[in-house]
Amino acid sequence: MSSTWREFMSWNKYTQVASRALRQALTETDRVAAEKRAAIGVRYQLWENGQGGEQNYVVPPAKETTPGTPPV
Amino acid sequence: MFARTVRPAVNVARVAQQQSQGMATLREIEQRLKSVRNIEKITKSMKVVASTKLTRAERAMREAKKYGAANNELFKHTETEGAEEQPKILYVGISSDGGLCGGIHSSITRAIKKEMATNPGTIAVVGDKPKAQLARFAPQAIKVSFNSVGKDVPTFAEASAIADEIVKNGGEWDEIKIVSNKYLSAISYESGVTSVISAKALQAAAGFQAYEMEEDVSKDLAEFALANAVYTALVEGHAAEISARRTAMENASNNANDMMASLQLQYNRGRQAVITNELIDIITGASAL
């Protein structure tokens, strides 16, 4: 019997999803501490024939929409 | 007598030329002195920042080394029989995007070049600086590259994401070799190659056969081992880079101080020469009257 997640993702991705769910379930202070430990800012780029493709974020950064902040 | 009448005119001309030369270089020396002074301030502050970051990076590295030790234990217990044909190797070069850190990135590129000479394979690279160097060396061999790592202490989540991407898009491989900088001390580092166990080798290992396990377990373990190894390499490389940056900035500050001392002496000598020439002008002018 093979788990269903194997069809879609690798083990690393599976644990990432599971740990993200766990982090979101923690109480406030623990959650903030855990989120700091789990920050991902890495970008990747696939190469073909010696040419790099476009760079994508592994975890796209959350877009900040704060219309009230002045530019300076 | 003839010479004596000519001499003052020639003297004045020569003194005027020297004076103009002296004034021009005096301004240049002043500018150089100002710019070197600014550079010294910048390198000194960069060194202080690197020193403070180093303590945190070292602490993270001590914790991360335990992950790597567990990995190596596993690898030791799985011997591989002599390979019939050349195994397909994927080299993972681990460094960062930042500069001004001495020879950190070049040491990774040099290690990969050396390995590729005897055992060619494909390359995955973490960091913009080694990526640029490797793209000049072997662009066809690069399969995937990563950046925006290393600004802060790397997390296991990042290492896991990198490992996941390598497994998804790294192509086919029998063996993975991670090339990273090992932190020897606060002033020295060295590049090293670590092998990561592959799923096939795990399944074939004698110790594994003793247990009844599903096939998937060895694949999962291999992927976890890869994430572990990448994490250790990232954190150790980060610590090595910070210590190298501290050393490089310290050397730069010392060089800047030496330059300032010699420039200052040159400036004083130049200033005194200008004053002396003006005096000569005045005196010869007065004596000619």
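Across the interface of chain A and chain B there is one salt bridge. The model is a predicted one.

**Salt bridge and polar contacts**

- The salt bridge forms between the side chains of A:Arg6 and B:Asp220, with a distance of 2.9 Å from N to O.
- Between chain A and chain B, 12 residue pairs are in polar contact.

**Which parts of chain A touch chain B**

- Helix H1 (11-25), helix H2 (28-37) and strand S1 (43-48) of chain A each give at least two residues to the side of chain A that touches chain B.
- S1(A) supplies the largest share of that side, five residues.
- By type, the residues on that side of chain A are 11 nonpolar, nine polar and five charged.

**Extent of the interface**

- In contact are 25 residues of chain A and 29 residues of chain B.
- About 2,300 Å² of area is buried between chain A and chain B, and carbon and sulfur atoms give 50% of this area.
- In chain A, the residues that lose the most area to chain B are A:Trp11, A:Asn12 and A:Trp47, which together make up 29% of what that side buries.

**The sheet across both chains**

- Strands of a sheet pair through backbone hydrogen bonds, in either a parallel or an antiparallel way.
- The link between the chains is made by S1(A) and strand S3 (residues 142-147) of chain B, which run antiparallel and are joined by four bridges.
- Within this pairing, A:Leu46 has B:Val144 as its bridge partner in S3(B).

**Inside chain B**

- Strand S1 (residues 89-94) and strand S4 (residues 175-183) of chain B pair in the parallel sense, over five bridges.
- B:Leu90 stands opposite B:Ile176, a residue of S4(B).

Terms used. Residues numbered from 1 in each chain as written. Chains lettered and ligands numbered in written order. Predicted model: local features only at pLDDT ≥ 70, side-chain atom pairs only at ≥ 80, totals over all residues. Heavy atoms only, no water. Contact = heavy atoms within 4.5 Å. Buried area = accessible area lost by both parts, 1.4 Å probe. Salt bridge = Lys/Arg side-chain N within 4 Å of Asp/Glu carboxyl O. Polar contact = N/O pair within 3.5 Å; in protein donor to acceptor, adjacent residues only side chain to side chain. Nonpolar A, V, L, I, M, F, W, Y, C, P; charged D, E, K, R; others polar. Pairing = 2+ DSSP bridges.
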